[in-house]
Amino acid sequence: MNRTTLSLLAATTALAAVTGVAALAAPGGTPERSAAAAERLPVERSELLCPEPSLSELAETGYTSFTPEDEAAGPKGTAELLPAEEEGETGGGKDGEKDEDEEGAEEEDGGEKAGPDPVAPLKKPGAPAVASVSGAGAPALIGTADGALAPGWTAQQTTVIGSGEGRGVLGVSCTAPDTDFWFAGTSTAESRQDYVELTNPDDAAAVVDLELYGGKGRIETETGEGITVPPRSATSVLLSTLTSEKAADVAVHVVARSGRVGAAVRATDSGTGSDWLPPSTAAAGSAVLPGIPEDAVSVRLVAVATGDRDADLKVELAGPTGSFTPAGHETLTLKRGMVTSVDLDDITKGEPGSLVLSPADGGDTAPYAVALRVVRGKGGDREMAFIPATARIEARGTAADNRAKGSVLSLVAPGKAARVKVTASAGSGGGKPVSKEYTVKAGTTLSVPEPPVPSGGKGTHALTVEALSGGPVYASRMLERPKGGVPMFTVQPVPDDRGTVVVPEAAEDLSLLMR
């Protein structure tokens with residue numbers, strides 16, 4: 001019986017560390033007792049998916065893979081990003097038979113088909129791995145990390161297109177697979193080309209529905225349901241092909257009815273360039289959109305109530321010295337299933353800031369998704385980026401791709417003051433990490449235009465933000481790459497890296513479960 005009990009405990013602990021299962025109460029135990037007995041351990045496996053970067057032959061794409069150092073993690077591990085298969089190339093013939101090309105490849109490799117080379121394979125925690133690719137046709141990437149490289153593993157994909165309609169800096173953090181995503185801020189207007197990029201990491205096909213919402217509610221689509229994403233493959237869907245309706249502001253709900261996918265939206269505007277729109281953290285209460293640049297000339301809010309109730313929200317801007325309610329935009333009402341868009345113009349008035357939404361007095365905490373479309377520059381030299389609502393940093397979060405110049409870190413404490421530590425990792429070309437602590441005053445945004453850089457480092461480095469004390473803290477990182485008078489930039493949220501999981505200890509004799 002003791003052996004059975006120990007096996008069950010070991011299996012439960014392993015499952016929690018791998019999958020993020022956070023609670024287990026023994027029969028007769030209470031949540032309070034279980035929480036008190038639990039401990040936080042590093043995860044043992046992580047998954048990341050990077051979308052197909054670009055359709056432009058002028059694209060220059062860089063990848064950065066990084067895991068922070070963690071003394072509690074294991075001594076060894078692997079972290080690899082592998083190219084996804086092209087859509088339709090699922091590696092099998094009819095009735096499970098292998099085609100001739102596949103058989104030939106196996107024969108040449110001694111009976112086993114050679115796999116693709118990994119992109120930016122990570123060797124050890126604390127030092128980033130980098131890779132680059134030029135032109136169109138670069139595949140989506142499917143990545144896994146285990147052992148010491150799993151806790152806090154982060155990957156960034158940054159594409160620079162120097163000219164043409166799609167010019168800009170397109171940055172996106174590779175994300176974990178899931179079954180449900182909301183994107184606020186997409187469009188089917190004539191001036192926009194927005195692609196939903198779907199990546200399937202698993203060995204079985206995924207089936208996905210794309211639901212579109214506009215200012216009057218659900219938008220009927222002709223081919224938005226039942227989209228098949230083949231195993232370990234990627235599929236690209238141009239939003240404007242799903243409907244004949246031309247809407248300036250659209251929210252997209254991605255739902256995997258079977259399987260899991262990664263999802264991101266690559267948006268291109270004929271007048272303001274291109275960038276990635278990450279999924280918005282669905283809020284049911286307060287939402288924080290960190291890091292509006294001080295020189296933003298246009299800020300447009302796009303939001304949708306995602307549940308079965310309307311959402312009444314209070315609008316505040318957290319600036320360098322405190323929070324205030326923008327004149328004329330004190331409250332925001334979101335009708336269920338309908339997109340609401342608001343031009344906030346130059347809301348920051350020459351100072352960096354962050355938008356904070358919270359339930360209006362007496363309002364319901366209805367769920368909603370929200371994002372900002374931010375424009376910098378003037379005339380034909382304008383450039384856009386997106387800032388979605390993001391999750392707070394519970395313990396630690398990382399922005400993987402940074403250079404000695406061009407990175408601006410934004411830290412927001414919407415409630416109580418917070419103390420954080422920011423660490424610049426060693427560079428991809430060497431050097432030593434450098435850390436610095438910051439205090440973010442209550443209700444403010446702290447802009448750090450010159451965050452730490454590695455000592456003697458060269459190449460690319462990571463910036464890791466650790467929450468030390470105080471109230472909740474949120475973060476984003478702006479990456480600037482100006483070219484020819486165009487202020488090309490991209491903004492990535494820095495949520496918690498979910499590098500640890502709460503694993504319960506046994507509060508009772510779990511052998512009772514085996515009877």
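**Exercise 1. Which side chain meets Arg 167 in a salt bridge, and at what N to O distance?**

Solution. The structure is a predicted model, in which local features need pLDDT of at least 70 and side-chain atom pairs count only at pLDDT 80 or more, while totals for chains, interfaces and linings use all residues. Residues are numbered from 1 along each chain as its sequence is written, and side-chain values use heavy atoms, with hydrogens and water left out.

Step 1: apply the criterion, by which a salt bridge is a side-chain nitrogen of Lys or Arg within 4 Å of a carboxyl oxygen of Asp or Glu. The side chain of Arg 167 meets that of Glu 383, at 3.1 Å from N to O.

Step 2: Arg 167 belongs to the loop between strand E8 (154–161) and E9, and Glu 383 to strand E27 (residues 383–388), so the pair ties together parts that are 216 residues apart in sequence.

Step 3: check the accessibility, taking buried as under 20% relative accessible area, exposed as over 50% and partly exposed as in between (1.4 Å probe, protein chains only). Both Arg 167 and Glu 383 are buried.

**Exercise 2. Describe the salt bridge of Glu 47 and the network to which Glu 47 belongs.**

Solution. Step 1: the side chain of Glu 47 meets that of Arg 260, with 2.9 Å from N to O. Glu 47 lies in strand E2 and Arg 260 in the loop between strand E16 (250–258) and strand E17 (262–269), so this pair ties together parts that are 213 residues apart in sequence.

Step 1: Arg 260 has 25% relative accessibility and therefore counts as partly exposed.

Step 2: a network of salt bridges links Arg 45, Glu 47, Asp 202 and Arg 260, and the structure as a whole holds 21 salt bridges.

**Exercise 3. Characterise the salt bridge between Glu 466 and Lys 421.**

Solution. Step 1: the closest N and O atoms of Glu 466 and Lys 421 are 3.7 Å apart. Glu 466 is in strand E33 (residues 461–470) and Lys 421 in strand E30 (residues 418–424), so the pair ties together parts that are 45 residues apart in sequence.

Step 1: Glu 466 is partly exposed, at a relative accessible area of 26%, and Lys 421 is partly exposed with a relative accessible area of 26%.

**Exercise 4. How many disulfides does the structure hold, and which cysteines are joined?**

Solution. Step 1: counting pairs of cysteine sulfur atoms within 2.5 Å as disulfides, the structure holds one. Cys 50 is joined to Cys 174, with an S to S distance of 2.0 Å.

Step 1: the link of Cys 50 and Cys 174 is right-handed, with 105 degrees about the S-S bond. Cys 50 lies in strand E2 (residues 45–50) and Cys 174 in the loop between strand E9 (168–173) and strand E10 (180–186), so the pair ties together parts that are 124 residues apart in sequence.

Step 2: both Cys 50 and Cys 174 are buried.

Note on methods
Helices (H or I, at least four residues) and strands (E, at least two) are DSSP runs, numbered from the N terminus.
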